[in-house]
Amino acid sequence: MTFRLEDFEIFILILVRISGFIYTAPLFSLRNVPVRIKAGLSLFLTVILFYTIPLPDVEYAGTIGYAILAVKEAIAGALMGLFSNIAYQILSFAGQLMDMEIGFSMISQLDPVTNIRTTITANFYSYLVILLMIITNLHHYFIKAVVDSYYVIGIGEAYFPPDMYRMMVRFIIDYFIIAMRIVLPIFAAILVVNTILGILAKVAPQMNMFVIGMQLKVLVGLIIFYLIIGYTPSVADFIFNKMKELLLEVINVMQSG
């Protein structure tokens, strides 16, 4: 294996796309993953790709032209990681909606993974999805996808159409629909509880429905949550398929130019 100085510019462009993907992709972009691990993995994948993919003749005009190519590669890698990472947040959003219905939204804790304040159920779902992602080797699929992207989108050939935002808007609509479907069992159960409490408030106004309602909602919410927790792998499988679809879709969009 030889490394020519003329190919160093191509090596940097490969490294830029891989780094953009690693720093935004699910699992790899977690805050508790050391920066050295991210940088080392990016460099390791770049070395492998440098000697496996066909190296094109990159044409550019001066330093500014090369900088534009580097920015395009960084954006391409970041978009591939970002679009697949957004689907990961669906279960976290669904967990927050559940806690709003049950009453756990009053309790927040720091999520060390995202470094933000979140609710108990959202935190639980986040860790559960990460565990399922590792068990199913989904991170291997992401690495393979970004490697295969070099055969679809050549180095410096990424295209960003002006209507690319429509894909994100369409997914955001699906984002809320999917989250509401996950929350629907608890939402329906709490709706029944609120109806019963409303009837009891008219029948027995001397009863303190606020105190009873809080405890009853927590009890019913935990029971329903226990019944639906077994369906989490099926929901996670659906989310993982959504991640793959978004990743492939954004690659196809950047290729269409």
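Two rings from Phe, Tyr or Trp count as a pair if their centres lie within 6.5 Å. With that in hand, look at Phe8, Phe11, Phe50 and Tyr51, which together make one aromatic cluster. Bear in mind that this is a predicted model.

Across the structure there are eight aromatic pairs. Take phenylalanine 93 and phenylalanine 176: their ring centres sit 5.3 Å apart with 85° between the planes, an edge-to-face arrangement. Phenylalanine 93 belongs to helix H4 (residues 89-102) and phenylalanine 176 to helix H7 (residues 165-203), so this contact ties together parts that are 83 residues apart in sequence. As for solvent, phenylalanine 93 is partly exposed at 21% relative accessibility, and phenylalanine 176 is also partly exposed, at 43%.

Now move on to phenylalanine 124 and phenylalanine 225. Here the centres are 5.9 Å apart and the planes meet at 65°; edge-to-face means over 60 degrees, so this pair gets that label too. Phenylalanine 124 comes from helix H5 (residues 120-135) and phenylalanine 225 from helix H8 (residues 209-228), so the pair links parts that are 101 residues apart in sequence. Is phenylalanine 225 buried or exposed? At 18% relative accessibility phenylalanine 225 counts as buried, because the cut-off for buried is under 20%.

Arginine 17 lies over the face of tyrosine 150, 4.2 Å from the ring centre. Over at tyrosine 141, lysine 244 lies over the ring face, at 4.8 Å from the centre.

Methods: Residues are numbered from 1 along each chain as its sequence is written. This is a predicted model: local features need pLDDT of at least 70, side-chain atom pairs count only at pLDDT 80 or more; totals for chains, interfaces and linings use all residues. Side-chain values use heavy atoms; hydrogens and water are left out. Rings of Phe, Tyr and Trp (its six-membered ring) pair if their centres lie within 6.5 Å; planes under 30 degrees apart count as stacked, over 60 as edge-to-face and the rest as tilted. Helices (H or I, at least four residues) and strands (E, at least two) are DSSP runs, numbered from the N terminus. Buried means under 20% relative accessible area, exposed over 50%, partly exposed in between (1.4 Å probe, protein chains only). A charge sits over a ring if NZ of Lys or CZ of Arg is within 6 Å of the ring centre and within 35 degrees of the ring normal.
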